[in-house]
There are 2 protein chains.
Amino acid sequence: MKIGVIGLGLIGGSFALAAKKFNIGASLYGQDNNPKHMEEALNLRIIDHPLEVDNYASMDVILMAIPVDACLTLVLSLLDQINDNALLLDVGSTKSAICKHIELHPKRNQFLATHPIAGTEFSGPSAAFAELFVEQAQILCETSKTRPDLLEWAVQWFRNMNMEIHEMDAEAHDKHIAYVSHLSHISSFMLGKTVIEKEKDERAIFKMAGSGFASTVRLAKSSPDMWIPIFKQNKENILEVLKEYISNLEHFERLLESDDFDQLFKQLKNTNTIKTILAGINEKNITK
Amino acid sequence: MKIGVIGLGLIGGSFALAAKKFNIGASLYGQDNNPKHMEEALNLRIIDHPLEVDNYASMDVILMAIPVDACLTLVLSLLDQINDNALLLDVGSTKSAICKHIELHPKRNQFLATHPIAGTEFSGPSAAFAELFVEQAQILCETSKTRPDLLEWAVQWFRNMNMEIHEMDAEAHDKHIAYVSHLSHISSFMLGKTVIEKEKDERAIFKMAGSGFASTVRLAKSSPDMWIPIFKQNKENILEVLKEYISNLEHFERLLESDDFDQLFKQLKNTNTIKTILAGINEKNITK
């Protein structure tokens, strides 16, 4: 079995390593725009061979692990080129745009839209590891549009990797992921920005920053090349969620201004219920 | 040497354990309003004896590790009661209020205002560990107002614990800490609130939450009993910083609304410089 991976960053590289570890006998082919990443991926044995355009038709599976705008640019031509029994997958953080984009392609049923909920703030092949997806959620969208035999193969592949599989409508995915991922990134980026602007005058303040600060701004290290296309494709959902967040911050501000500490206390106490929710989230990647 | 600790939570408990580990021969006395915490602290050998009001005068050192409003309530009476060679310290996250509060006390020079930049989101004696402060910053305020022999003892104590000592004006401390700690907590609390409000209708979304979300809302688990008094005492600085944060989020919103992705890209790219800053912060407590 030949598996091709386009984009050998953290996600693509980890899928390649996981494919090797959990799918005995797979040959891994890889491709990356960045020649340094190609070299690293070969040296680290993340892939066995370079994936060339000429090889596309011989792959059994091709996984696109590139920014969501690059996926849109590439996906139709990839569908044109894959053979009639091959499966094409994406792993992007937005699902509506790509599902709409390929809707009318004759090979639509050879495509599966996925979103593995896994990652660290590090990037590039050297950040990849085979266990990134273990016990993490894998969201599959519009599964009824994928050929049953190909869907079944993919589901088995993800189960072999020990992923928890959920199915979801593409639009519901984009709406919900804005809350639990995209907003976290914006909040973190803007927190970093606020403090960096201050830091121009006051370098001393970073002596005072501890692990709490580090935790909340960790995502501000994320790559704009990956995130700007996500913000663009999920613009409407993000704007809605962002307005709710800003409105909550403004409410906090008003309560603080008017010394309404009882109300503030109630808000924070109620928000503490996040503990129960977080207990269900595998936090292992935080330590990676 | 007898060391008394008032408040046996994460910080007080960890100071007691660190005092035992790094100051051979110290007897630890402890006190906590919560009888369960008292029992735990004795069972876990965090303290050797209960600290009673009658013992205050026999302590060589008393450390207050209680919410910042409780510190204000207690500090004058404690200064009245300690003996003429004893040192009293606080470890609160605000420094101006307590320094002003004790300014005219005849034993002002037996007090040292400290803020150890250390913590996890866990609380209570069972969360305490002796190494919490290793390689973490310890901010000392208004050191010139503390009797030199007592200051010297305290500095040596913190150095024994392997802390990095910084001196700072109390007002500068409160202004800066609003950026690198208090704002992170508000951002995290309001992020948690925004998502919990949504969750009422859509419990499914938490299946989609990964380690990035967990990292940004980690601080929303923090205790309101501890944080409301901090927000109260540092109100003016927090309001200023919060306005800057909201303004940055609103600017992000406007750029997204108007599809100005070039400008958004520049902002995120510039914010990526937080990497360098974070590299300097010891992140070990995140994994605790």
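## The interface between chains A and B

In this predicted model, 84 residues of chain B are in contact with 84 residues of chain A. Helix α6(B) gives the most, with 20 residues.

What is the make-up of this side of chain B by class? It has 45 nonpolar, 24 polar and 15 charged residues.

## The sheet of chain A

Chain A holds an open sheet of eight strands with mixed pairing. The order is β3-β2-β1-β4-β5-β6-β7-β8. At the edges lie β3 (49-50) and β8 (164-168) of chain A, and each pairs on one side only.

Strand β6 (residues 111-116) of chain A runs antiparallel to β7 (residues 137-141) of chain A, and four bridges join them. Within this part of the sheet, A:His115 has A:Ile139 of β7(A) as its bridge partner.

## Helices on the chain A sheet

Helix α3 (residues 68-81) of chain A packs on the sheet. It touches β4 (61-64), β5 (87-90) and β6 of chain A. The direction of α3 makes about 165° with that of β4(A).

Helix α5 (residues 148-160) of chain A lies across β5, β6, β7 and β8 of chain A. Its direction is at about 55° to β5(A).

## The sheet of chain B

Chain B also has an open sheet of eight strands, in the order β3-β2-β1-β4-β5-β6-β7-β8 and with mixed pairing. Its edge strands are β3 (49-50) and β8 (164-168) of chain B. Strand β2 (residues 27-31) of chain B and β3(B) run parallel, joined by two bridges. B:Tyr29 has B:His49 as its bridge partner in β3(B).

Helix α5 (residues 148-160) of chain B packs on this sheet. It touches β5 (87-90), β6 (111-116), β7 and β8 of chain B, and its direction makes about 55° with that of β5(B).

The contact takes 19 residues from domain 1 of chain A and 17 residues from domain 2 of chain A.

Which elements of domain 1 of chain A each supply at least two residues of the side that touches domain 2 of chain A? They are α3, α4 (96-102) and β7 of chain A. By class, this side of domain 1 of chain A has seven nonpolar, eight polar and four charged residues.

Technical notes
Residues numbered from 1 in each chain as written. Chains lettered and ligands numbered in written order. Predicted model: local features only at pLDDT ≥ 70, side-chain atom pairs only at ≥ 80, totals over all residues. Contact = placed C-beta atoms within 7 Å. Nonpolar A, V, L, I, M, F, W, Y, C, P; charged D, E, K, R; others polar. Pairing = 2+ DSSP bridges. Axes fitted to C-alpha atoms, helices over the stretch in contact; angles between N-to-C directions.
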